[in-house]
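Please read these notes beside the sequence and the model. They go point by point.

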Amino acid sequence: MSGKTINSAILLLVIGNAMALISDVFIKLLEPGAPIFQFAFLRCVITLLLLLPLAGQLNRKHLFSGFKVHAVRAHVHLVGILCMVVALANLPLATANAVFYAAPILVMVLSVIIFREKLTPLSVFAVFSGFGGIIVILRPMEFNWAAIAALASAFALAINAVMVRKLPREQSTVHKLLLNYVLIIPAAGALALWEGAAWDSSILVSALGSALFILGYNITVLLAYRQVDANQVTSAEYTGLIWAVGIGWIWFSEVPDLWFLAGSTMIVVPLILIGLQSRRRARAPARGFNPDTQRVTSMSS
């Protein structure tokens, strides 16, 4: 599966999204009341260690170029991880992931605000339909801190995605990821010390499993998008929601209701239509998510 053909790239994305969901499962299996700052710190340290063998890809001439942007993204990433843990611990797996899919919608909104981009009628429809879908899934009567955390995690993903454009082009994806984790660990470590929780080896297992599988996701995405235009295969990313429903149903006995199905359709279908429209119009990469702007943006899911 080299990702050099459309079919192999789609298969890589399907497998990758399944790995991302397994990463979420490791988080969801944390014991109630588990110290989330300790978990975030351990996962970041483990991810950095896993990335170190790739340090040869660092551009030493531009080692700390764009430092301020990297620093902001790193700390936004940390907030996103913490909010994601809260959301996954308190919401059904599929519900949390459906809200996370608000990220590409938020990317469109932020792109208009920050870069003065113009949205097509279909993109405008996707924005309103997506936000409506979130309301349908969460429903005001069930809106709580977990729901707010899920939205905050999606917002963190979107901010990181938009800020990718501000990073130096001379830096590779690996360079950006390594620098991101170098900058995130001091703050994550300080929060873990402030939390003052006793050492819990089960958290180490969860952090290791989560980091390994999200790294596997990133590798499959990089392979998929390296040889194939994003607009040809990006809709395969939304199979993650199917995995979320299946794993949540089988593993956690979380049966999706009609509200969830309706809301998810409102979020995902317009995004798929945008991808198909981009594919018809041109071969150029889609404006939406790519290896630097989805979970890869911050290794945060």
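1. R165 and its salt bridge. R165 counts as partly exposed, at 41% relative accessibility. Partly exposed lies between buried, under 20% relative accessible area, and exposed, over 50% (1.4 Å probe, protein chains only). R165 forms a salt bridge with E117, and their closest N and O atoms are 2.5 Å apart. The term salt bridge needs a side-chain nitrogen of Lys or Arg within 4 Å of a carboxyl oxygen of Asp or Glu. The pair links distant parts of the chain, 48 residues apart. E117 sits in the loop between α5 (103-115) and α6 (121-138), and R165 in the loop between α7 (145-163) and α8 (173-195). E117 is buried, with a relative accessible area of 18%. R165 also lies over the face of F115, at 4.6 Å from the ring centre. For a charge to sit over a ring, NZ of Lys or CZ of Arg must be within 6 Å of the ring centre and within 35 degrees of the ring normal.

2. Basis of the model. This is a predicted model, in which local features need pLDDT of at least 70 and side-chain atom pairs count only at pLDDT 80 or more, while totals for chains, interfaces and linings use all residues. Residues are numbered from 1 along each chain as its sequence is written, and side-chain values use heavy atoms, with hydrogens and water left out.

3. Overall build. The chain has 13 helices and zero strands. Helices (H or I, at least four residues) and strands (E, at least two) are DSSP runs, numbered from the N terminus. The chain has 301 residues, and 54% of them count as buried. Take contacts between residues at least 6 apart in sequence: 89% of them join residues at least 24 apart. A contact means heavy atoms within 4.5 Å. The chain exposes about 13800 Å², and carbon and sulfur atoms supply 69% of that area. Accessible areas come from the Shrake-Rupley method with a 1.4 Å probe; for residues, only the protein chains shown count as cover.

4. The other end of the salt-bridge list. How many salt bridges does the structure hold? It holds two. One of them joins the side chains of E254 and K28, at 3.5 Å from N to O. E254 lies in the loop between α11 (239-252) and α12 (258-281) and K28 in helix α1 (residues 6-28), so the pair ties together parts that are 226 residues apart in sequence. Are E254 and K28 buried or exposed? Both are buried. Side chains of opposite charge can pair when their charged atoms come close.

5. Rings beside K28. The charged end of K28 sits over the ring of F252, 5.6 Å from its centre. F252 counts as partly exposed, at 22% relative accessibility. The structure holds four aromatic pairs. Among them is the pair of W251 and F252, which is stacked: 6.1 Å centre to centre, with 15° between the planes. Rings of Phe, Tyr and Trp (its six-membered ring) pair if their centres lie within 6.5 Å; planes under 30 degrees apart count as stacked, over 60 as edge-to-face and the rest as tilted. W251 is exposed, with a relative accessible area of 51%.

6. Which residues make a nonpolar surface patch of about 280 Å²? They are L63, F64 and F67. Patches are made of residues with over 30% relative accessible area and no salt bridge; like charges are joined within 9 Å, and nonpolar side chains (Val, Leu, Ile, Met, Phe, Trp, Tyr) within 5 Å. F64 is in the loop between α2 (36-51) and α3 (67-90). F64 is partly exposed, with a relative accessible area of 49%. Q171 lies in the loop between α7 and α8. Q171 is buried, with a relative accessible area of 3%. Leaving aside neighbours within four places in sequence, Q171 is in contact with residues including L63, F64 and H70. Q171 and G66 are 105 residues apart in sequence, and their C-alpha atoms are 9.7 Å apart in space.

7. S264 is found in helix α12, and S264 is buried, with a relative accessible area of 7%. Not counting residues up to four places away in sequence, S264 touches A98, I137, L241 and V269. Y101 lies in the loop between α4 (93-100) and α5. Y101 counts as buried, at 9% relative accessibility. Y101 and G240 are 139 residues apart in sequence and 9.5 Å apart in space, C-alpha to C-alpha.
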